[in-house]
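Subject: Handing over a structure

Dear colleague,

I am passing the structure below on to you, and after it you will find some notes on what turned up in it. Please read them with the sequence and the coordinates open beside you.

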Amino acid sequence: ELASFSEKLVAQHAEGSSPEELEELLETPYFELYGKGKDAYLDEEWERCVWYMEKAVMVHKHVAAHKFRCRQRCFNQTVEPSFEGHSTLQMMRKFMKRAACTDRCEQASLGGMRWEGVNEIQQEMDSRVPYDYMQLCYYKLGDLQKAAASAYTFLQMNLNHDIMRANIAFYRQMEEVQQEWFRDREKNHWKRRFMDGMDHYLMNQFEDARDSLEAALELWYQEYGKCRSSCERPNNMDIKRNDLWMSLTDRYVELLLCRRNCIVRMSHIEGRFVEQLLANMFHYLQYVYFQLKDWPNAMRNAATYLIFYPTDPMMTQNVDYFLSLSWASEDMLEVRPEAAAVYEVVELERKLLQDIQKNFGDEYVIEGLHGNAWYQDEPNASPPRPNEEEEEEEKDEEYEKEILEDGEEEAQPRVTKDVRYGYNMPGVTVVKGPRDLKGPKRMVADGIASEEECKMLSHLAKGGTEGNGYEGDKHVHTEFERFDGLTVLQAAELAKRGLVSVDHAEMYLNLSNKARRYVHGYFHMKHQLFFTYTHLVCRTAEPYSTDDRTDLSHPIHADNCHLLPDGSCPKKLPAFTWRDWSAILYLNEGFKGGEFIFTHANESVQSSVKPKCGRLVGFSAGEENLHGVKAVVKGRRCALAMWYTLDERYNEVEHYQARKILQTLKKHRTKASKDKPKEEL
Ligand SMILES: O=C(O)CCC(=O)C(=O)O
Ligand SMILES: [Fe+2]
């Protein structure tokens, strides 16, 4: 193994590096290579930067693979020590055997490359930080292809890294940059298979879906094992206490926290976090086997899903249905053993962490330990409020029914296709679906924003006119209404000038993101959805507006094509052809008129939506969704209008710029408030 590794290295770097250099490389720990890469970066020596970074990544990968193999081998030789029923001596004997085995194994396979790493550096390697450096160094060298791949690879593990997202948007806008250049150099195979599986699933190709999803699952277990194993790494030097048992506990807590994070890390698909990913695979498989009339497997997968969500109404209903069939029996409800094992170990570890927290509450702050470990949300997301989860389930079912009645689904009615692919959102309820609205790609949901948030945003909208002296055409669509708006960047700039509060500007960004996530999940899109334009707008009736106006506040149109009098709608400039989806979040009621309407091409109304605070209307942006706004005859109507695109080249870079400005402002603010007491002293 080692030989083939050095051969590979020699072959790859035969040109450009001397034998001495290669010799040195094979003896240099990856963290030193990484350090040299960082130095080169600081010295602005781009060639050297990418050379060392690439090597660091390569050597690290090599070492990690061997360590994993050793840990796995030694794990199989012994039994995972359980924390009950063994005397300390028996337990220590097992630890010792495992340690000795690992030691021998690593010595044999890694020899001179067995460096003791440093925790922080391993964490940086695991979070793909070297790709962050490489991105810039390749860019400086003019190698856009490698820069793009580095940026993309880094982003996959750092989803909230706004600067890298902005970089990617920057690259995409360049003429010479090609779509295929954005590839994940560390992409795990399970993700690829999972994506294939979802493609087949959505296209009702059930045999292919089964094969891909089963393969994805198998690979997922492997990768999950690797992730857990990588947690057995050097501690972060932050040993809290010296007592033997306490320091052992400290070390073990670190291990457990790292392992918990593996579930989160293993839930990222195409740059986004998918909730409940493992459990969902069984949901999909259940349906796939059902379609293939493979009843035993359909039942096995249904039963497996239920270990994660024992009270899931849809799945319990499916199981009842299976059991009502003549060939079925209770013992076919067998849980898949690998899944049961993963579930069990995660639950046991969670319970242990809970105990630790109970006993050492001051030393450890461990978040998200209560409730079901499998409901773990994206890091930083707020936990669901009580009662709302149940409501959500009901709405899901309603949506299921809608889909069935719309005839999109030809399956036997009792076992339904899962459409929940990430659109559960606490506090949000669907109030109108495709059936009420008379079109498949339409929806209305309530609860996206609270009363307070609506008030703040409406207030912010005012800043748009008064604060920056917004000029231009105030009567955009009709003489009877003033139309004024504020973009996210304008909001951030106003905050910078102290004209609006930083919190309000931030809420604008956050709510628009919440709406985007909801639309993305609701229409179960597989690819990332980007903002392309975001506008906080108010329409205010002029005093001379009358109740009998026949004009519209916003004439009938489609958002991505140009509607012509003959009813055709060419998707050409000057239309915003890159818009794929649209959503409007309403902020108030109490004005007269102003209903949102979906219409036919002859402008006759199909369905209408009455705006109110927190209500979101979402729809695809094409000619299938002609719409407009009825005249606002009295008062002021405010809304957050958003257009989204699947094409990252049209990503609204203003969001990152605004976020950046607000972050800086907040940093100054906390600094200022920290400084204050000192001044007073
Ligand atoms: O404000 C609304 O309800 C809809 C606005 C709209 O359709 C648009 O601006 O394209
Ligand atoms: Fe529109």
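Predicted model: local features only at pLDDT ≥ 70, side-chain atom pairs only at ≥ 80, totals over all residues.

Residues are numbered from 1 along each chain as its sequence is written, and chains are lettered from A and ligands numbered from 1 in the order in which they are written.

V177 sits in the loop between α9 and α10 (189-202), helices being DSSP runs of H or I with at least four residues and strands runs of E with at least two, numbered from the N terminus. Apart from its neighbours within four places in sequence, V177 is in contact with L144, A148, Y171 and R172, a contact meaning that the C-beta atoms, placed from the backbone, lie within 7 Å. The C-alpha atoms of V177 and A148 are 8.3 Å apart, although 29 residues separate the two along the chain.

The axes of α8 (residues 144-157) and α9 (residues 162-172) come within 10 Å and cross at roughly 150°, where axes are lines fitted to C-alpha atoms over the stretch in contact and angles run from 0 to 180 degrees between N-to-C directions.

Elsewhere, helix α13 (residues 277-291) has 14 of its 15 residues buried, so it is largely enclosed by the rest of the structure. Just after α13, K293 takes a positive phi of about 60°.

Finally, ligand 1 is surrounded by H554, D559, I584, F596, H627, V629, A639 and A641, each counted as near if its C-beta atom, placed from the backbone, lies within 6 Å of the ligand. The strands β13 (627-630) and β15 (636-645) each supply at least two residues of this shell.

With best wishes

Methods. Buried ≥ 20, exposed ≤ 12 C-beta atoms within 10 Å, placed from the backbone. Contact = placed C-beta atoms within 7 Å.
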